[in-house]
Structures are given as structure tokens and as C-alpha cells.
Amino acid sequence: MKLFITGIGSGLGKALVEEALKRNYEVYALSRHIPDEFEGRIKFQRGDLRAIEKIPLWIQNLLDGVKKIDTVILNAGILGELKDMKDISLNEIEEVMRVNLWSNKVIIDTLVELNIKVELLVGISSGAAKNCNRGWNAYSLSKAGLNCLLKLYSWELPETHVIALAPGLVLTPMLREVMSSDEQKFPSVKRIKQAPKLTPEKAAEFIFNILPKLKIFESGSFVDVRDFPEYEDFINKYGVCE
């Protein structure tokens, strides 16, 4: 089983690689950083997705000789600063969009051009794509765009099952950054603080548990882990409030 994943330096991406290795996947990763514990255990290509023009060469180098990938997880993403739309510049929005949206188009296009068969393609989305809570500006825009991008590709890639997946609340560095924001100005921050959350390790375990079940949903669908009946028991057992 082969996994291609982006953004493995910390948080959910790192935990997904750990879980994949436990399940004997052969892992191919494109990321700015590689955790020390993965050295020599995965195929790795260093790269910052902001440099969109370099992505095709990076993927060619990383996947040289690979003809089929069982699962692609487009995980890499950046948050940007929580602030009102009127206060965010187009340059700030564009930086988030380059990483969270446009880089994924280039990755998918490159996989197609290299004629690499992909069985399951999962883009890590967010409830922010639909909630559009105050302050989430570019992040919400980028994740809504990702959902649409993947839906559009689902029509063009009939041999690949495409899903935009929201992983729920996960205690990543990104979420901790959110929780440090002004909860009076941005009410969603308080709700997040009070809600149960999974550690990255437990979130990764749950995601791998449901990967085979994603094919129940129509290709191109936006799916939230909370759509699965077993998620409630899982979060009740492993969720933490912090």
C-alpha cells in the first residue's frame, strides 16, 4: 500500500504518517520539514508549497518509478491570522490560497500528467469551509475553494475516488493558535475551547479507520468525520477539552 501525503512536519500530517507506518504503508511525503523519527523510513521531498512552480519537479523526483498510489492525502495547509475581512489584505489572502488551494491543483495535475493511478484522493478540508465564522477569512475561503476544486476534479477522474474530508477538532499547533485568539471578538474561539478535541494521533487513527468507508460517499463529496456514527463514541472515549 502506497501513501502520498503533503505537510508532515507536525500536527495531523505527522500523525497520519505515524499511523500509516503502523499499518505498513510505503509513505511518500512532500513537506517543508521531516521529523527526525521518519528519517530513512519514508520517501521524502523537501519543498515549500508556496513555490508552486517547483511542485511538478518535486513530485517527479519523489514519485519516480511509481505507477500507482493507493491513497493521496492533501494535508498541507496554513491558517493565516484571524481577523475581519475588512482588515485582511489581498496579499495575505493570496498566500493562504497558494498553499491551501492552488498548490493542490498543481499536485493533482502533475499526478495526472505522470499517469500515476490514484485509487483514493483525500483533501483535508475543514468545517470552516461551511461555517465561515467571523475572523476565519482566507482560511474559510481556501477550504471552500478546496471543496469545489475536488468536486470539479471528481468529474474528470472517474478512476479516482475524490473526497474533501473535515477532520473535526484536532489539537494541532494550528488549532492552538486559533485558541489563543480574541474570543470576545471571534465567538467561535470560545466554542472551540469548550468543545472536546482529539489529539493528532487519535484523529489520524480515526481517519485511517474510516478510509475504506469514504467510498460510500459519492466521489467529489465533502465529508465530515462527525458524519460517522462511530465518531461520537470515539470522541467520548478519547476527546480532551483544552
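This is a predicted model: local features need pLDDT of at least 70, side-chain atom pairs count only at pLDDT 80 or more; totals for chains, interfaces and linings use all residues.
Mentor: Residues are numbered from 1 along each chain as its sequence is written, and side-chain values use heavy atoms, with hydrogens and water left out.

Trainee: Why is the contact of Glu95 with Arg50 called a salt bridge?

Mentor: The term requires a side-chain nitrogen of Lys or Arg within 4 Å of a carboxyl oxygen of Asp or Glu, and the closest N and O atoms of Glu95 and Arg50 are 2.8 Å apart, so the pair qualifies. By this rule the count comes to 17 salt bridges.

Trainee: What makes Asp84 buried or exposed?

Mentor: Buried means under 20% relative accessible area, exposed over 50%, and partly exposed in between, with a 1.4 Å probe and protein chains only; Asp84 has 10%, and therefore counts as buried. Its salt-bridge partner Arg134, at 2.7 Å from N to O, has 47% and is therefore partly exposed.

Trainee: How do you know how Lys202 and Glu205 are placed in helix H8?

Mentor: Helices are DSSP runs (H or I, at least four residues), numbered from the N terminus, and H8 covers residues 200-210. Because Lys202 and Glu205 are three residues apart in H8, about one helical turn separates them; their salt bridge has its closest N and O atoms 3.0 Å apart.

Conventions
Helices (H or I, at least four residues) and strands (E, at least two) are DSSP runs, numbered from the N terminus.
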